[in-house]
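Hi there,

Here is the structure I promised to pass on to you.

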There are 2 protein chains.
Amino acid sequence: MPSNRTHTWQEIHERIRGNILNRTWNPGDLIPGEAQLAEQFGCARTTVNRAMRELATAGVIDRKRKAGTRVSVQRTRRVTAEIPVIRSQVEAQGMEYNFIVQKKQLRVPNSATKQAMRLGAQQKALHIRSIHLANAVPFILEDRWVNTHTIPQILEIDFSETSVNEWLVEHVPFTNGEFVVEAVSSSKQVAQALDISCGDSILSSDRSTWLDDKSVTLVKLYYVPGHQMVFTI
Amino acid sequence: MPSNRTHTWQEIHERIRGNILNRTWNPGDLIPGEAQLAEQFGCARTTVNRAMRELATAGVIDRKRKAGTRVSVQRTRRVTAEIPVIRSQVEAQGMEYNFIVQKKQLRVPNSATKQAMRLGAQQKALHIRSIHLANAVPFILEDRWVNTHTIPQILEIDFSETSVNEWLVEHVPFTNGEFVVEAVSSSKQVAQALDISCGDSILSSDRSTWLDDKSVTLVKLYYVPGHQMVFTI
DNA sequence: ATTCTGATTATGTATGCACATAATGTCAAC
DNA sequence: GTTGACATTATGTGCATACATAATCAGAAT
């Protein structure tokens with residue numbers, strides 16, 4: 001037997017969204033107030049409020065106190081994607097994952113990196129370059145800097161079993177970060193590491209993560225040609 | 001005078017997040033139950049619930065009925081970006097926006113496109129190719145298919161003033177979609193349109209949007225070399 | 001040992017109410 | 001006409017309570 005509750009917030013969410021999609025209310029239109037909708041749907045204002053709140057965070061409607069709620073006009077498309085740990089990404093495709101650490105040294109980075117990580121002129125950081133393999137074939141080249149002032153314990157870790165990537169995800173939290181994607185032409189060095197032709201068009205991503213105002217790590221990934229990043233709208 | 005309310009859900013949100021970041025609770029750890037936290041913070045369970053719900057949708061914690069709440073172990077990085085209307089993107093950089101419509105014809109698309117839009121063998125669709133300019137310099141090449149069965153009214157529109165892009169955003173809602181990014185080597189045709197060298201590495205994005213199970217539009221954008229897409233984590 | 005059943009428990013959500021807060025409109029004072 | 005005080009209003013949030021639901025566990029039946 002179904003619940004005797006009149007409506008769930010999700011139903012209201014759907015009905016409001018439906019009214020928007022059916023053009024009952026057009027972009028820019030003022031939607032009836034919460035109290036009014038609550039009466040119309042036969043439920044509490046709280047319930048309508050929750051449904052509306054979710055719609056607002058999804059960018060479907062714009063809300064302002066006193067002014068009321070209106071259907072968003074410029075619905076900028078918000079795309080999202082889950083960036084998985086590389087191991088999962090490989091194993092999800094039924095391939096065997098491996099990695100090789102090419103370099104690992106504590107040194108003073110170049111000025112661009114120093115600036116990006118807000119390091120002092122003579123401060124060193126841990127530089128790690130590794131290749132991620134799928135079924136023994138190069139898949140991603142990783143060039144990483146780790147701020148040893150923020151994460152001093154990383155110097156003690158042996159990275160022959162776990163990749164830096166995985167260790168950091170497991171052990172180091174971060175508060176915010178940035179992820180930049182661009183297309184580059186593979187340099188000789190990158191081409192050799194990934195076993196591709198020099199000049200091939202490949203995706204590269206730069207990720208920087210922060211623990212409050214302290215930089216944690218700066219990673220540049222070079223993907224093999226043809227790699228796609230999928231986002232949902 | 002401050003409110004005599006004990007705590008806002010945002011404060012609780014922050015305190016819980018803080019406890020996670022400070023490693024008071026480690027990844028995988030079980031967090032005290034809602035009732036317990038409510039007592040500890042001196043507020044209603046509803047308030048704790050809301051804070052926890054937000055943390056859960058942000059991917060910081062995992063919740064399961066009866067099992068309890070634990071700090072997420074595999075914190076897959078969820079990145080998001082707002083993809084603006086191209087005009088805004090250009091004007092945000094203080095440049096003048098213009099566009100040129102190169103082609104516009106109703107015809108039967110190739111099989112890949114037909115499949116992607118779930119069109120019948122002989123069904124036609126509107127094909128529009130346009131160039132977006134920033135300060136009169138080519139910025140993005142757009143290759144678009146519009147499903148005229150879903151959006152028949154588009155055939156009546158004059159696209160000399162507004163771009164297809166903008167018209168669709170304004171007038172056509174969609175329920176879901178996909179956004180794929182990859183790096184490609186510019187073909188002769190693309191290079192000529194964007195006024196770049198053939199073979200340059202450029203970003204290309206494919207966006208498909210749907211109104212329930214009916215395809216709305218399929219757009220391929222070719223960006224100018226060096227273009228970056230920025231996401232926040 | 002295995003399966004089934006029911007109790008227990010943590011999260012999920014609806015409701016009525018009260019009050020907070022921002023934006024807006026109104027109206028009087030100047 | 002401009003300014004400023006005040007009422008009004010729609011959204012925002014907190015609380016106590018009640019009940020729903022999924023997962024789990026313990027113990028009984030087989």
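This is a predicted model: local features need pLDDT of at least 70, side-chain atom pairs count only at pLDDT 80 or more; totals for chains, interfaces and linings use all residues.

Let me start with the helices in chain A. Helix α2 (residues 34–41) of chain A packs against helix α3 (residues 45–57) of chain A at an angle of about 110°, and their axes are 8 Å apart. With 65 to 115 degrees counting as roughly perpendicular, α2(A) and α3(A) are therefore roughly perpendicular to each other. Their crossing is right-handed. On the α2(A) side, the contact is made by A:E34, A:A35, A:L37, A:A38 and A:F41, while α3(A) brings in A:R45, A:V48, A:N49 and A:M52. Sorted by class, that contact has 6 nonpolar, 1 polar and 2 charged residues.

Next, the strands. Strand β8 (residues 176–185) of chain A pairs with β11(B) in the antiparallel sense, over 5 bridges. In this pairing, A:E182 stands opposite B:Q228. Strand β11 (residues 228–232) of chain B has B:M229 and B:F231 on a covered face, whereas B:Q228, B:V230 and B:T232 lie on an uncovered one. In a regular strand, side chains alternate between the two faces of the sheet.

Finally, B:V146, which sits in strand β7 (residues 137–146) of chain B. Buried or exposed? B:V146 is buried, as its relative accessible area is 0%. Beyond its neighbours within four places in sequence, B:V146 is in contact with B:M117, B:A125, B:L126, B:I151, B:I154, B:L168, B:V216 and B:T217. From B:V146 to B:A112 the C-alpha to C-alpha distance is 14 Å, and the two are 34 residues apart in sequence.

Notes:
Residues are numbered from 1 along each chain as its sequence is written. Chains are lettered from A and ligands numbered from 1 in the order in which they are written. Side-chain values use heavy atoms; hydrogens and water are left out. Axes are lines fitted to C-alpha atoms, for helices over the stretch in contact, and angles run from 0 to 180 degrees between N-to-C directions. Helices (H or I, at least four residues) and strands (E, at least two) are DSSP runs, numbered from the N terminus. Angles under 35 degrees count as roughly parallel, over 145 as roughly antiparallel, 65 to 115 as roughly perpendicular and the rest as oblique. A crossing is left-handed if the near helix is turned anticlockwise from the far one by less than a right angle, and right-handed if clockwise. Contact means heavy atoms within 4.5 Å. Ala, Val, Leu, Ile, Met, Phe, Trp, Tyr, Cys and Pro count as nonpolar, Asp, Glu, Lys and Arg as charged, and the others, Gly among them, as polar. Buried means under 20% relative accessible area, exposed over 50%, partly exposed in between (1.4 Å probe, protein chains only). Two strands pair if DSSP finds at least two bridges between them.
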